[in-house]
Amino acid sequence: MSDVLKVVESVTTLINQKKYDDVGFQDYFEAVLTPQVVNMNDVYQGVFKDKSPTEMAISINKQIDIVNSEQQEFRDNFCVDPVEELDAIADVLFTVAYFMYQLSVSLDLDEAQTKEFESVLQGERVALLIEDFNNFLGVMYSNYDLPIVIEATDRVVVNNASKFTTDEKEFETWVAPPNEPLNKETRVVDGVEYYMLVNEVSKVRKRDGFVGVDLMDLVEKQHQLFVSRGEVEDNDEKE
């Protein structure tokens, strides 16, 4: 068994924790979240499957940086800012979903391509990321109900997708934020034209008036679920 395959199977096992088996977290992660994440990243970064083995490895190495950054954001906000904490959970799942997809695609490389790929892939960092993700899942499983996690993640996905549009007339109304020069760009993925604003290095940016995701109601709903089960005290009653 290749090292990459071991990682893929390891993460799948972590995601399919017993606590969430009855509500299908693995099904959500693989069948709902991942396809949306892949489509968005294909628009943002180019189709991953079309990359060379070396380009794939470089892309995965960069994705490790992104996942690590999101996990650090979660740690920074844990028990400090519940809204940012929940937002970070969604971001971690979003970025790990793409990381897992990238690894799964690499399994289809032939022997020569795999050798080229593994010579560039930072394997030790992959292992460390999985260890951190295991710890992250343990905290998430202990502190959140799955419907709350899924709803938060779905909102983040929709919000991220609103950075581009397939509506050309709507795109004509988009302007860059003040003091951030951006260019209009069109990218085609699977025959669909996507319109977006990009900076000087072709990174997709938010348009002027872009509205961020709101998760406050989900934080409050999670708290009330804890109260109803007697897991925490109701702050309103204490007052």
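Author: We begin with the aromatic rings. This is a predicted model, and the count of aromatic pairs in it comes to ten.

Reader: How is a pair of aromatic rings described?

Author: A ring pair is described by the distance of the centres and the angle of the planes. Take Y44 and F164: their centres are 5.7 Å apart with 80° between the planes, an edge-to-face pair. Y44 belongs to helix α2 (residues 25–45) and F164 to strand β1 (residues 164–165), so this pair ties together parts 120 residues apart in sequence.

Reader: Is Y44 buried or partly exposed?

Author: Y44 counts as partly exposed, at 21% relative accessibility. F164, at 10%, counts as buried. A further pair is F171 with W174, whose centres are 5.5 Å apart; the planes stand at 70°, so this pair too is edge-to-face. F171 is buried, with a relative accessible area of 6%, and W174 is buried, also with 6%.

Reader: Which residues do ring pairs link into a cluster?

Author: The cluster consists of F74, F78, F133 and F136.

Reader: How are two packed helices described?

Author: The angle between the axes and the distance between the axes describe them. Here, the axes of α3 (residues 53–77) and α6 (residues 123–143) come within 11 Å and cross at roughly 30°. The two helices are therefore roughly parallel to each other. The crossing of α3 past α6 is left-handed. Residues making the contact include I64, V67 and F74 of α3 and L129, F133 and F136 of α6. By class, the contact has eight nonpolar, three polar and four charged residues.

Technical notes. Residues are numbered from 1 along each chain as its sequence is written. This is a predicted model: local features need pLDDT of at least 70, side-chain atom pairs count only at pLDDT 80 or more; totals for chains, interfaces and linings use all residues. Side-chain values use heavy atoms; hydrogens and water are left out. Axes are lines fitted to C-alpha atoms, for helices over the stretch in contact, and angles run from 0 to 180 degrees between N-to-C directions. Helices (H or I, at least four residues) and strands (E, at least two) are DSSP runs, numbered from the N terminus. Angles under 35 degrees count as roughly parallel, over 145 as roughly antiparallel, 65 to 115 as roughly perpendicular and the rest as oblique. A crossing is left-handed if the near helix is turned anticlockwise from the far one by less than a right angle, and right-handed if clockwise. Contact means heavy atoms within 4.5 Å. Ala, Val, Leu, Ile, Met, Phe, Trp, Tyr, Cys and Pro count as nonpolar, Asp, Glu, Lys and Arg as charged, and the others, Gly among them, as polar. Rings of Phe, Tyr and Trp (its six-membered ring) pair if their centres lie within 6.5 Å; planes under 30 degrees apart count as stacked, over 60 as edge-to-face and the rest as tilted. Buried means under 20% relative accessible area, exposed over 50%, partly exposed in between (1.4 Å probe, protein chains only).
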